[in-house]
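Please view the sequence and the model before reading on.

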Amino acid sequence: MKEKEKVREIAEESHLAGLIDQGTELKGELNFKGSFRIEGYFQGKIYSDSMLIIGEKGKVEAEVKVGELIINGEIHGQLQARERIEVHNKGRVFGTLTAPKLLIEEGSYLEATCQTISVPEEPGPPSSDLK
């Protein structure tokens, strides 16, 4: 891959690709490229190679498989990150966390099972689910 293509790919991954804002409720499966922020309510499954940010007003009930997960709000479910999971001081986590790196800030609430191990390269749904 050429250097310009690598720079363009990094820039695309770091921009905010989407937002579920306060007052919005969604149910289903979410797939995205680039960073995604949730300030509203989401229930279902979330898959991405990129960063997912749960904002202070966000509430998520989901199976999550992403590149990086940053939690400032409330999340319930099985959470996997290929790179790291960060739970900031306003974050509330209920479920299972799996990532090679885990950061828990003082003041956060954690009712979870944690594993700091590597997760598979492809955070997407199992191949049998793809049609």
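## Terms and model

Helices (H or I, at least four residues) and strands (E, at least two) are DSSP runs, numbered from the N terminus. Residues are numbered from 1 along each chain as its sequence is written. This is a predicted model, in which local features need pLDDT of at least 70, side-chain atom pairs count only at pLDDT 80 or more, and totals for chains, interfaces and linings use all residues; side-chain values use heavy atoms, with hydrogens and water left out.

## Leu 30

Leu 30 lies in strand 2 (residues 25-31). Buried means under 20% relative accessible area, exposed over 50%, and partly exposed in between (1.4 Å probe, protein chains only). Leu 30 counts as buried because its relative accessibility is 13%.

Contact means heavy atoms within 4.5 Å. Not counting residues up to four places away in sequence, Leu 30 touches Phe 36, Phe 42, Lys 45, Ile 46 and Tyr 47. Leu 30 and Gln 43 are 13 residues apart along the chain, and their C-alpha atoms are separated by 9.6 Å.

## The largest nonpolar core

A nonpolar core is a set of buried Ala, Val, Leu, Ile, Met, Phe, Trp, Tyr and Cys residues joined through side-chain atoms within 4.5 Å. The largest one has 23 residues, of which Ile 38, Ile 46, Leu 52, Ile 71, Leu 79 and Ile 85 touch the most other members. Two or more residues come from each of strand 3 (35-38), strand 4 (41-47), strand 5 (51-54), strand 6 (59-71), strand 7 (74-87) and strand 8 (92-98). Strand 6 gives the most, with 6 residues.

What does Leu 52 touch, not counting residues up to four places away in sequence? The list is Phe 32, Phe 36, Ile 38, Ile 46, Val 64, Val 66, Glu 68, Leu 69 and Ile 70.

## Aromatic pairs

Rings of Phe, Tyr and Trp (its six-membered ring) pair if their centres lie within 6.5 Å; planes under 30 degrees apart count as stacked, over 60 as edge-to-face and the rest as tilted. By this rule there are 2 aromatic pairs. Phe 32 and Phe 36 form a tilted pair, 5.1 Å centre to centre with 35° between the planes. Phe 32 is buried at 10% relative accessibility, and Phe 36 is buried at 8%.

The rings of Phe 94 and Tyr 109 have centres 5.5 Å apart and planes at 45°, so this pair is also tilted. Phe 94 in strand 8 and Tyr 109 in strand 10 (residues 109-115) are 15 residues apart, and the pair links distant parts of the chain. Phe 94 is partly exposed at 22% relative accessible area, and Tyr 109 is partly exposed at 39%.
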